[in-house]
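Here are my notes on the model, point by point.

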Amino acid sequence: MAGEQRFGRWGRIAVGAALGWIALTILFVLPWRWIPPPTTAFMIRERVAGEGTIHYQWARWDDISPHLPIAAVAAEDQKFPGHFGFDFDEIGKALERNRRGGRLRGASTISQQVAKNLYLWPGQTLVRKGLEAYFTVAIELLWPKRRILEVYLNVAEFGPGTFGVLAASRHAFRREPGDLTPRQAATLVAVLPSPKQMSAANPSEYVKRRTREIQAAVAQLGGAAYLGGL
């Protein structure tokens with residue numbers, strides 16, 4: 001009987017802790033469904049490290065050129081409209097590359113990148129990857145797909161200290177994000193894998209080649225109409 005009482009007490013504590021964690025998660029995730037995040041974990045990290053000025057302003061979905069969302073999806077996560085936060089085919093390919101001695105890369109979806117940028121830190125530890133998966137599920141449950149993509153375009157780092165498409169388009173092309181051409185949108189997306197080393201304003205030959213590849217991928221998907229259901 002005493003053992004059953006102890007089990008019941010610890011069971012209630014566990015349930016209470018789980019419910020508390022879920023409530024805390026909702027508190028941290030749900031508001032950004034409607035409110036622009038004032039900052040992100042990656043921005044805070046750069047401020048603490050003293051790595052220079054942070055340039056970040058929010059651009060509403062309707063103020064962003066339709067060429068940019070489809071360029072991001074074509075380059076980063078072509079299955080974005082249909083998956084629930086994870087592309088298991090790409091994860092399997094990445095694990096196979098790693099098994100053969102290659103780098104573990106290329107498996108993160110846009111939803112996972114939003115979770116990482118907003119709440120976490122760089123790295124590949126099991127704890128960080130576990131938290132990334134947890135927050136990815138929470139984001140997919142609590143936000144519509146269009147909001148996930150809108151937040152991604154606003155918090156992604158496009159250059160040293162340059163976060164979001166508004167700051168990026170003004171810096172690289174001296175124009176508003178709604179005025180981006182297809183080539184300019186693809187150029188911005190081309191630098192996302194390594195924004196501190198690559199420049200949209202002064203693109204290297206690699207960035208120019210990657211820009212052409214992204215434009216070809218956009219055309220293959222059918223252009224902005226591919227995201228018409230978001």
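1. Let's start with Asn117. Leaving out residues up to four places away in sequence, Asn117 touches Thr40, Ala41, Phe42, Val155 and Ala156, where contact means heavy atoms within 4.5 Å. Asn117 sits in helix 5 (residues 110–119); helices here are DSSP runs of H or I with at least four residues, strands are E runs of at least two, and both are numbered from the N terminus. At 10% relative accessibility, Asn117 counts as buried. For that word and its relatives, buried is under 20% relative accessible area, exposed is over 50%, and partly exposed is in between, with a 1.4 Å probe and protein chains only.

2. A word on the ground rules. This is a predicted model, in which local features need pLDDT of at least 70 and side-chain atom pairs count only at pLDDT 80 or more, while totals for chains, interfaces and linings use all residues. Residues are numbered from 1 along each chain as its sequence is written, and side-chain values use heavy atoms, with hydrogens and water left out.

3. Next, helix 2 (residues 41–49). Its buried residues are Ala41, Phe42, Met43 and Glu46. What lies over them? The cover on the buried residues of helix 2 includes helix 5, strand 1 (55–56), strand 2 (157–159) and strand 3 (162–163). Just after helix 2 comes Gly50, with a positive phi of about 65°.

4. How much of helix 7 (residues 145–155) is buried? The count is 10 of the 11 residues, so helix 7 is largely enclosed by the rest of the structure.

5. Now a helix crossing. The axes of helix 3 (residues 67–76) and helix 10 (residues 205–221) come within 9 Å and cross at roughly 100°. Axes are lines fitted to C-alpha atoms, for helices over the stretch in contact, and angles run from 0 to 180 degrees between N-to-C directions. That makes helix 3 roughly perpendicular to helix 10, since 65 to 115 degrees is the perpendicular range, with under 35 roughly parallel, over 145 roughly antiparallel and the rest oblique. Helix 3 brings Ile70, Ala71, Ala74 and Ala75 to the contact, and helix 10 brings Arg210, Ile214, Ala217, Val218 and Leu221.

6. Ala74 is a handy place to look at that crossing. Ala74 lies in helix 3 and is buried, with a relative accessible area of 6%. Not counting residues up to four places away in sequence, Ala74 touches Ile214, Ala217, Val218 and Leu221. Ala74 and Val189 are 115 residues apart in sequence, yet 9.5 Å apart in space, C-alpha to C-alpha.

7. On to charge pairs. The model has 12 salt bridges, taking a salt bridge as a side-chain nitrogen of Lys or Arg within 4 Å of a carboxyl oxygen of Asp or Glu. One of them joins Arg128 and Glu132 at 2.8 Å, N to O. Both residues are buried, and both lie in helix 6 (residues 126–142), 4 residues apart, about one turn of the helix. An α-helix has 3.6 residues a turn, so residues three or four places apart point the same way.

8. Other bridges have partly exposed partners. Asp63 and Arg60 meet in a salt bridge at 3.2 Å, N to O; Asp63 is partly exposed at 36% relative accessible area, and Arg60 is partly exposed at 45%. Glu176 forms a salt bridge with Arg170, the closest N and O atoms being 3.0 Å apart. Glu176 counts as partly exposed at 36% relative accessibility, and Arg170 counts as partly exposed at 33%. Salt bridges that share partners also join Glu46, Glu157 and Lys196 into one network.

9. Last, a backbone detail to check. Arg174 lies in the loop between helix 8 (165–173) and helix 9 (182–190), and is exposed, with a relative accessible area of 68%.
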